[in-house]
Amino acid sequence: MRLDKLLANSGYGTRTEVKEMLRQGRVCLRGEVIRDPGFSISEEQAPDLTLDGQNIRAGQYLYFCLNKPDGYLTAMTDDRLPCVGDLLPSNLKTKKISPVGRLDFHTTGVLLLTNDGELSHRLTSPKWHREKAYLVTYSGDELTEKEKVLFASGMTLHEKDHAPEKLKPAELQILPDHTCRLILTEGKTHQVKRMIASTGRSVETLHRERIGTLTLKDGQQPGEMYALSDEEIRLLKEDS
Ligand code: URA
């Protein structure tokens with residue numbers, strides 16, 4: 001297969017983007033820089049390819065971290081509204097990639113996308129207790145030590161027309177100017193908004209900063225995604 005095609009199919013960018021990576025001398029085969037996009041690469045050679053010194057994962061499952069923009073559905077297709085599937089480059093649209101879990105339409109930040117169904121299943125299972133950190137701005141009175149203690153105790157949500165719901169202990173960090181960080185170890189539907197609402201306040205903006213150890217890269221703009229490194233994948237799979 002042509003090297004540019006293999007790199008694009010493996011999620012390292014569009015054909016144009018990978019041609020540029022090659023031109024910049026970032027791709028090596030056994031330590032030797034390859035700049036020719038048409039270089040013919042065999043299946044046996046693929047494991048010896050590196051990009052910026054990191055092994056390339058070719059033809060295996062794909063894993064991306066998207067900075068989800070505001071105003072996008074967490075879905076691959078939708079007839080009416082913009083959705084995260086629209087942000088995938090066209091060469092990846094046939095790879096059966098889907099989001100792991102869900103962020104609300106207006107929530108921004110870390111969203112994992114993969115076609116590794118088994119990992120996706122494990123990460124969304126109630127048994128998965130890795131941290132998810134959210135940066136929240138809210139309206140109403142400033143949060144206090146009282147809410148910190150309440151959230152840390154493993155509160156029960158009592159909501160109209162719903163059975164009481166017991167939550168796992170969560171860490172609340174109160175920041176200045178109606179901002180806080182909430183660190184959860186579970187992912188119940190609209191959990192952050194419901195917890196903040198239970199205190200008589202309401203969420204204004206919501207941004208997921210982290211899933212486990214997975215964060216956005218410096219300067220990663222809304223709508224941009226990066227392919228996870230082997231190490232980032234290993235950390236996600238660890239005790240999931
Ligand atoms: N909690 C919410 O309320 N919304 C999200 O999008 C994520 C967590």
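These legends walk through several close-up views of a predicted model. Residues are numbered from 1 along each chain as its sequence is written, and side-chain values use heavy atoms, with hydrogens and water left out. Because the model is predicted, local features need pLDDT of at least 70 and side-chain atom pairs count only at pLDDT 80 or more, while totals for chains, interfaces and linings use all residues.

**View 1. Helix α2 and what covers its buried residues.**
Helices here are DSSP runs of H or I with at least four residues, strands are runs of E with at least two, and both are numbered from the N terminus. Start with α2, residues 15–23, where V18, M21 and L22 are buried; buried means under 20% relative accessible area, exposed over 50%, and partly exposed in between (1.4 Å probe, protein chains only). Among the elements covering the buried residues are α1 (3–9), β1 (27–29) and β3 (49–51); contact means heavy atoms within 4.5 Å. After α2 comes G25, with a positive phi near 75 degrees.

**View 2. The open four-stranded sheet.**
Follow the strands in the order β2-β1-β3-β4, with antiparallel pairing. Two strands pair if DSSP finds at least two bridges between them. At the edges stand β2 (32–33) and β4 (54–55), each with a single partner strand, so one side of each has no neighbour in the sheet. Between β1 and β2 there are two bridges, and L29 stands opposite E32 in β2. The loop between these two strands holds G31, which is exposed at a relative accessible area of 64%. G31 and T50 are 19 residues apart in sequence, and their C-alpha atoms are 7.9 Å apart in space. In the loop between β3 and β4 you will find D52, a residue other than glycine with a positive phi near 50 degrees. D52 is partly exposed, with a relative accessible area of 46%.

**View 3. The largest nonpolar core.**
A nonpolar core is a set of buried Ala, Val, Leu, Ile, Met, Phe, Trp, Tyr and Cys residues joined through side-chain atoms within 4.5 Å. The largest has 28 residues, and L113, F151, L182, V192, M195 and I196 touch the most other members. Two or more residues each come from β5 (63–68), β7 (108–114), β8 (132–139), β12 (179–184), α5 (191–197) and β13 (202–211). A second, separate core of 16 residues includes L6, V18, L29 and A58.

**View 4. Strand β8 and its partners β12 and β13.**
Six bridges join β8 to β12 in an antiparallel pair, where A133 stands opposite I183. With β13, β8 forms eight bridges, again antiparallel, and K132 stands opposite I211.

**View 5. Around the ligand.**
Look for L103, D104, T107, Y134, H190, Q191, V192, K193 and L206 around the ligand, each with a heavy atom within 4 Å of it. The side chain of T107 has an N or O atom 2.8 Å from a ligand oxygen. A backbone N or O atom of H190 lies 3.3 Å from a ligand oxygen, and one of V192 lies 3.2 Å from a ligand nitrogen.

**View 6. T74 and K96 in the loop between β5 and β6.**
T74 lies in the loop between β5 and β6 (98–99) and counts as buried at 5% relative accessibility. A polar atom of its side chain is 2.6 Å from the backbone oxygen of L103. Not counting residues up to four places away in sequence, T74 touches K68, V84, P99, G101, R102, L103 and L111. K96 is found in that loop too, but counts as exposed at 72% relative accessibility. Although K96 is not a glycine, its phi is positive, about 60 degrees.

Key
A polar contact is a pair of N or O atoms within 3.5 Å; within protein, one must be able to donate a hydrogen and the other to accept it, and residues adjacent in sequence count only if both atoms are side-chain atoms.
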